[in-house]
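Reader: I would like to learn how to read the features of a two-chain model, step by step. Could you take me through this one?

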There are 2 protein chains.
Amino acid sequence: MDLGLIGLGKMGQAIAYRLSKDNHKIFAYDPNVNKVNIKNVKLEKNIVELTKKTKIIWLMLPASKVDLVINNISPHLQKDSILIDGGNSNFQETIKRYNNLKSKNINYLDCGTSGGIQGEKIGFCLMLGGDKNIYLKIESILKSIAAPNGYAYIGPSGAGHYIKMIHNGIEYSLLQAYAEGFNLLKNNDRYKNLDLEKISNLWMHGSIIRSWILELAHNIFQKDQELLNISGNIGENLTGRWTLQETKEQKIPMNLLEQSLKIRKWSRESGGNFATKIIAKLRNKFGGHPIKKID
Amino acid sequence: MDLGLIGLGKMGQAIAYRLSKDNHKIFAYDPNVNKVNIKNVKLEKNIVELTKKTKIIWLMLPASKVDLVINNISPHLQKDSILIDGGNSNFQETIKRYNNLKSKNINYLDCGTSGGIQGEKIGFCLMLGGDKNIYLKIESILKSIAAPNGYAYIGPSGAGHYIKMIHNGIEYSLLQAYAEGFNLLKNNDRYKNLDLEKISNLWMHGSIIRSWILELAHNIFQKDQELLNISGNIGENLTGRWTLQETKEQKIPMNLLEQSLKIRKWSRESGGNFATKIIAKLRNKFGGHPIKKID
């Protein structure tokens, strides 16, 4: 299929790569990128050129840039074009954009995208919201980007971003759960020098707590289980806060998420501890999020 | 290898099965079991008969029964026998038993065992503490019980039970993390009737939060995503409380574990909610722990 791709950051490039290997033809644009070395990807000079080439455009942008880009491209879009927002947009913004574009005969799908930068190799998990008949038109694209069986239609506009938001809310707590356990293993004075590389590897084989996050932790501990030269300052994107806000509005608590967000805030004020260093490292591992080094 | 097995509950039987398929010869005893249909397992009339047959005895008992059984068998044990405690004993009790038995020329290993009743098929995760030379003597047994690469020597007496205790502390938080996310998916008034079976399945394919616990949740939702006829009362064994106690003594907090234990307590007082029903179901799924039905 021919499609456009706006945004060639870490995630945008990973998606371009997955599309290209299945021989989709990609017209890409990113104001900060002058050169791309991925086959089947043609870099366009500007957004106007890109909209001439295709009626299907994937947006892989920071949440704060989506309205700007939509405003810039929408006057140039061909009728019945399909825009797909694959980023971490707020579901309420998504619904507004959907309605606004609908009135201009432009189709709009939301796609929650999980998998992080490692998704380039093994494929992503894609959670789709919007009109189902439009979803069906781009299925071959989704299949190329996703891990095997890793895409599905969830519901009307915003549903994809909504469940991705809650997915991230769960993720915050999972990261904290492992991190505080490893912190006790590392720093207790009963059994000193417990080997976190060995233990995280062992727990991957047959234990109840085996998971992808544990596998990433094991990869980290293989190289370094002291984490002396990084800060325990944990960043965050907006999805965790949005989930917490939603739990308040819906009066459906997510207590562990709330606690995890408090700990992240504390980590930024204090520099954190061994537990928050693990989370900073994990976020770097799966999301490419920056970590602060200590000299 | 020839060995004894005391305790034929859910976990004891699963272990007997795994040993038997690798043709270990098992002399088993359980006061509540009169018949076993597992090849290579011979049921003994009493503990004295069992101790005559072998110098290696695996104990698979509730934590409260371990001292009683050790007191009963230790006068009859052959010199240099090896006892292995595969249950969820407190690591401090384990160290006492180790020292006490050492003075009687009996070897004592502790083995944290994870994997639940599903471990019968795919093997368990075994975390060993005690003398390494004794561990090496029973390695062929461990290999049969464990999942591939699912056993390791961790450290001196108690280390196996210590890391299993912390493993369980992490597990409590992981269960709560998923449960509260699914609760918001289920009960929000934005997107009604979200399909938890579909979403949990989708998240298994390429998402950051994929895990064994998520796979079990998917199995539950395949059959029932309303959970109307069960109580949200979550039981617990002692390992979560012990971990919390240890965090206080070590002044190394595990905030999510503490929160998860509070929620379990609340669930027993109130009957809980959809989130705690999921945890009750998951515990039943992996550990065979009873769930209360509602008529």
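Predicted model: local features only at pLDDT ≥ 70, side-chain atom pairs only at ≥ 80, totals over all residues.

Reader: What area is buried between chain B and chain A?

Author: Buried area is the accessible area (1.4 Å probe) that two parts lose on being put together, summed over both. Here the value is about 6,200 Å², and carbon and sulfur atoms give 70% of it. On the side of chain B, the residues that lose the most area to chain A are Leu184(B), Tyr191(B) and Ile208(B), which together make up 13% of what that side buries.

Reader: Where does Leu184(B) lie, and is it buried or exposed?

Author: Helices (H or I, at least four residues) and strands (E, at least two) are DSSP runs, numbered from the N terminus, and Leu184(B) belongs to helix H8 of chain B, residues 159–187. For accessibility, buried means under 20% relative accessible area, exposed over 50%, and partly exposed in between (1.4 Å probe, protein chains only); Leu184(B) counts as buried because its relative accessibility is 0%. Setting aside neighbours within four places in sequence, Leu184(B) is in contact with residues of chain A, among them Tyr162(A), Ile166(A), Thr243(A) and Met254(A).

Reader: Which polar and charged pairs are found across the interface of chain B and chain A?

Author: A salt bridge is a side-chain nitrogen of Lys or Arg within 4 Å of a carboxyl oxygen of Asp or Glu, and the rule finds four of them across this interface. In one salt bridge, the side chains of Arg190(A) and Glu249(B) meet at 2.7 Å, N to O. A polar contact is a pair of N or O atoms within 3.5 Å, where, within protein, one must be able to donate a hydrogen and the other to accept it, and residues adjacent in sequence count only if both atoms are side-chain atoms; across the interface there are 22 such residue pairs, both residues being at pLDDT 80 or more.

Reader: What rotation superposes chain B on chain A?

Author: Copies are superposed by least squares on the C-alpha atoms of residues with pLDDT of at least 70 in both. A rotation of 180° with 0.0 Å of shift along its axis brings chain B onto chain A, with an RMSD of 0.0 Å, and the two copies are therefore related as by a two-fold rotation axis. The same surface serves both copies, since 100% of the contact residues of chain B recur in chain A. Among the residues of chain B, Ser211(B) comes closest to the rotation axis, its C-alpha being at 1.9 Å.

Reader: What span should helix H12 of chain A have?

Author: The expected span of a helix is 1.5 Å times one less than its number of residues. With 16 residues (255–270), H12 of chain A should span 22 Å, and its end C-alpha atoms are 22 Å apart, which agrees. The buried residues of H12(A) include Leu256(A), Leu261(A) and Arg264(A), and the buried residues pack against H8, H11 and H13 of chain A together with H8 and H12 of chain B. After H12(A) comes Gly271(A), with a positive phi near 90°.

Note on methods. Residues numbered from 1 in each chain as written. Chains lettered and ligands numbered in written order. Heavy atoms only, no water. Contact = heavy atoms within 4.5 Å.
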